[in-house]
Amino acid sequence: MESVTNQHRICREIVSHKTRPKGNKHFIVIRMYSNRDKIVKKANEQTTEIEDEVAKAFFELENKKVDSPEDIKKVKLCSARYYSEGDKKVLHVTVPYPLFALVRKNYLTIVPYLENKFKCTVALTARRTILSKYGTSSCYL
């Protein structure tokens with residue numbers, strides 16, 4: 001198998017019978033995923049190292065946990081930041097507001113996994129964008 005860098009992961013899927021070519025019973029589609037697929041930002045914004053680590057943790061959670069629900073694959077993040085006060089550290093992860101219902105539904109799966117992975121307290125919040133009624137804004141997701 002090809003060597004995979006830290007930025008990309010390989011995911012295999014079995015394609016349904018409706019989309020397969022004629023004559024083949026099953027075939028596997030190899031799709032490359034990057035950490036950027038789990039992060040929602042504008043095109044010109046750079047991701048931080050912490051956001052890349054959290055995106056990688058979300059990707060590992062959806063692929064390696066046997067009991068993880070399908071909804072976890074839809075979860076994305078907007079930003080991630082560490083806050084520290086004395087000897088306590090908190091990882092603050094912000095997700096888009098439309099996806100926050102999925103996060104609340106799978107909260108008991110996501111938060112303990114992230115707390116074990118990063119060895120700190122994890123806080124998940126939603127990012128809301130308030131739009132002006134007088135004009136459009138550059139809102140994304």
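The following legends describe close-up views of a predicted model.

**View 1. Packing of helices H1 and H3 in the predicted model.** Two packed helices are described by the angle between their axes and the distance between the axes. For helix H1 (residues 49–64) and helix H3 (residues 107–118), the angle is about 125° and the axes lie 11 Å apart. The two helices are therefore oblique to each other, and their crossing is right-handed. On the H1 side, the contact is formed by Glu 53, Val 54, Ala 57, Phe 58, Glu 60 and Leu 61. On the H3 side, Thr 109, Ile 110, Tyr 113, Leu 114, Lys 117 and Phe 118 take part. By type, the residues of this contact comprise eight nonpolar, one polar and three charged.

**View 2. The largest nonpolar core.** In soluble globular proteins, nonpolar side chains tend to be buried together. The largest nonpolar core of this model has 25 residues. Val 54, Phe 58, Leu 77, Leu 91, Val 93 and Leu 114 are the members with the most contacts inside it. At least two residues of this core come from each of H1, strand S4 (88–96), helix H2 (100–105), H3 and strand S5 (121–127). Leu 114 touches Ala 57, Phe 58, Lys 119 and Val 122, when residues up to four places away in sequence are not counted.

**View 3. Lys 119 in the loop between H3 and S5.** Most residues other than glycine have a negative phi. Lys 119, although not a glycine, has a positive phi of about 55°. With a relative accessibility of 70%, Lys 119 counts as exposed, because the cut-off for this class is over 50%. Lys 119 is also one of the residues touched by Leu 114.

**View 4. Asp 71 and its contacts.** Asp 71 is found in the loop between H1 and strand S3 (79–85). At 15% relative accessibility, this charged residue counts as buried. Leaving out residues up to four places away in sequence, Asp 71 touches Leu 102, Lys 105 and Asn 106. Asp 71 and Asn 106 are 35 residues apart along the chain, and their C-alpha atoms are separated by 7.8 Å.

Note on methods:
Residues numbered from 1 in each chain as written. Predicted model: local features only at pLDDT ≥ 70, side-chain atom pairs only at ≥ 80, totals over all residues. Heavy atoms only, no water. Axes fitted to C-alpha atoms, helices over the stretch in contact; angles between N-to-C directions. Helix = DSSP H or I, 4+ residues; strand = E, 2+ residues; numbered from the N terminus. Parallel < 35°, antiparallel > 145°, perpendicular 65-115°, else oblique. Left-handed = near helix turned anticlockwise from the far one by under 90°. Contact = heavy atoms within 4.5 Å. Core = buried A, V, L, I, M, F, W, Y, C linked by side-chain atoms within 4.5 Å. Buried < 20%, exposed > 50% of the residue type's maximum accessible area, 1.4 Å probe, protein only.
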